[in-house]
Amino acid sequence: MTELPGIVIAGASGRMGQMLIRSVMESDKMRLVGALERPGHDWVGQDVGVAMGGAALGAQVFDDPLEPMARAQAVIDFTAPEATIALSKIAAQARAAHIIGTTGMTDEQIAQLEPAARHCPIVRAGNMSLGVNLLVQLTRQVAAALDEDFDIEVIEAHHHHKVDAPSGTALMLGEAAAEGRGVDLAQVRDAARDGITGARTRGDIGFSVVRGGDIVGEHEVLFAGAGERIVLRHMATDRALFAKGALRAALWAQDKVPGEYDMLDVLGLKR
């Protein structure tokens, strides 16, 4: 019998890290090889199940990714930009798929993933849920159908612990709207309003951000015209849906050649 793909989870102690660990352990299609945390973290050296307050799972928490990555076929990474860039180099050495849900990466940081993508498949997405990726497709289509008489606003809400804004998903939606209109988002993005800002610039794509409580994730794309509004909306109520998408990406990437992919590839929604 062929051995199940081995998975390493980065950022083990975080909310997404723990959700991913539980999801891998519940899956009959993959196995947990190990988990990663930063040097000096209390979890390092422990069995990950014990560190999470439960029974031993037979997988250790490492602060050096080399050892577990040498035995893995994929690493799932919802950490921070600098950690993701460093981990991409290890994934490339191990020829393991790198599944990236890290948000807040700049264009320059994303470009630093390119060398690794020559040696391993990288699946990177601001959001790994099926519903959100359908929303991205719909946003692109609606934006292409409407002219600049319709203002576009991307509105997102997340829990008060989230450190980046706008969210990676909001930026995905903004990029989709810009692509639909045939413009560069960087040239039409309006992400900060405070004080006397003046009237809205025709053709701008705006971003509004809410942070509070334990909101998992809510995203809305508003197309506001004279006398009518079109609203596309997605609400996430369970973080498990992001883990489910990440695991699906890890399995999908197993037979893929090195390169950069996204969830539209994984879900077969690529245009």
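Which elements cover the buried residues of α1? Keep that in mind as you open the model, and let's walk through it together.

**Before you start**

This is a predicted model, in which local features need pLDDT of at least 70, side-chain atom pairs count only at pLDDT 80 or more, and totals for chains, interfaces and linings use all residues. Residues are numbered from 1 along each chain as its sequence is written, and side-chain values use heavy atoms, with hydrogens and water left out. Helices (H or I, at least four residues) and strands (E, at least two) are DSSP runs, numbered from the N terminus.

**Stop 1: helix α1**

Select residues 15-26. These 12 residues form helix α1, and at 1.5 Å a residue they should span 16 Å; the end C-alpha atoms are 17 Å apart, which agrees. The expected span here is 1.5 Å times one less than the number of residues.

Now colour by burial, where buried means under 20% relative accessible area, exposed over 50%, and partly exposed in between (1.4 Å probe, protein chains only). Met16, Gly17, Gln18, Met19, Leu20, Ile21, Ser23 and Val24 of α1 are buried. To answer the opening question, the cover includes β1 (6-9), β2 (31-36), α2 (48-51), β4 (74-77) and α10 (240-252).

**Stop 2**

Two packed helices are described by the angle between their axes and the distance between the axes. Axes are lines fitted to C-alpha atoms, for helices over the stretch in contact, with angles running from 0 to 180 degrees between N-to-C directions.

The crossing of α1 and α10 is right-handed, a label used if the near helix is turned clockwise from the far one by less than a right angle, with anticlockwise being left-handed. Show side chains for Met16, Met19, Leu20, Ser23 and Val24 in α1, which meet Ala240, Phe242, Ala243, Ala246 and Leu247 in α10; contact means heavy atoms within 4.5 Å. By class, this contact of α1 with α10 has nine nonpolar residues, one polar and no charged ones. Ala, Val, Leu, Ile, Met, Phe, Trp, Tyr, Cys and Pro count as nonpolar, Asp, Glu, Lys and Arg as charged, and the others, Gly among them, as polar.

**Stop 3: helices α7 and α8**

Next, select residues 130-145 for α7 and 168-181 for α8, whose axes come within 7 Å and cross at roughly 30 degrees. That makes α7 and α8 roughly parallel to each other, and their crossing is right-handed. On the α7 side, the contact includes Val132, Leu135, Val136, Thr139 and Arg140, while the α8 residues include Met172, Leu173, Ala176 and Glu179. The contact of α7 with α8 divides into nine nonpolar, four polar and three charged residues.

Stay on α7 for a moment. Its 16 residues reach 23 Å from first C-alpha to last, close to the 22 Å expected at 1.5 Å a residue. Besides α8, the buried residues of α7 pack against β7 (151-158), β10 (217-225), β11 (228-236) and α11 (263-266).

**Stop 4: Ile152**

Is Ile152 buried or exposed? Click on this residue in strand β7: with a relative accessible area of 0%, Ile152 is buried. Leaving aside neighbours within four places in sequence, its contacts include Ala143, Ala177, Arg181 and Phe223. Draw a distance to Gly203 as well: Ile152 and Gly203 are 51 residues apart in sequence and 7.9 Å apart in space, C-alpha to C-alpha.

**Stop 5: Val183**

Move to Val183, in the loop between α8 and α9 (185-188). Val183 is partly exposed, with a relative accessible area of 33%. Not counting residues up to four places away in sequence, Val183 touches Ala178 and Val188.

**Stop 6**

Arg95 has a positive phi of about 55 degrees although it is not a glycine, and at 52% relative accessibility it counts as exposed.

Finish at Pro166, in the loop between β7 and α8. The peptide bond from Ala165 to Pro166 is cis, with omega near -10 degrees.

Conventions: Angles under 35 degrees count as roughly parallel, over 145 as roughly antiparallel, 65 to 115 as roughly perpendicular and the rest as oblique.
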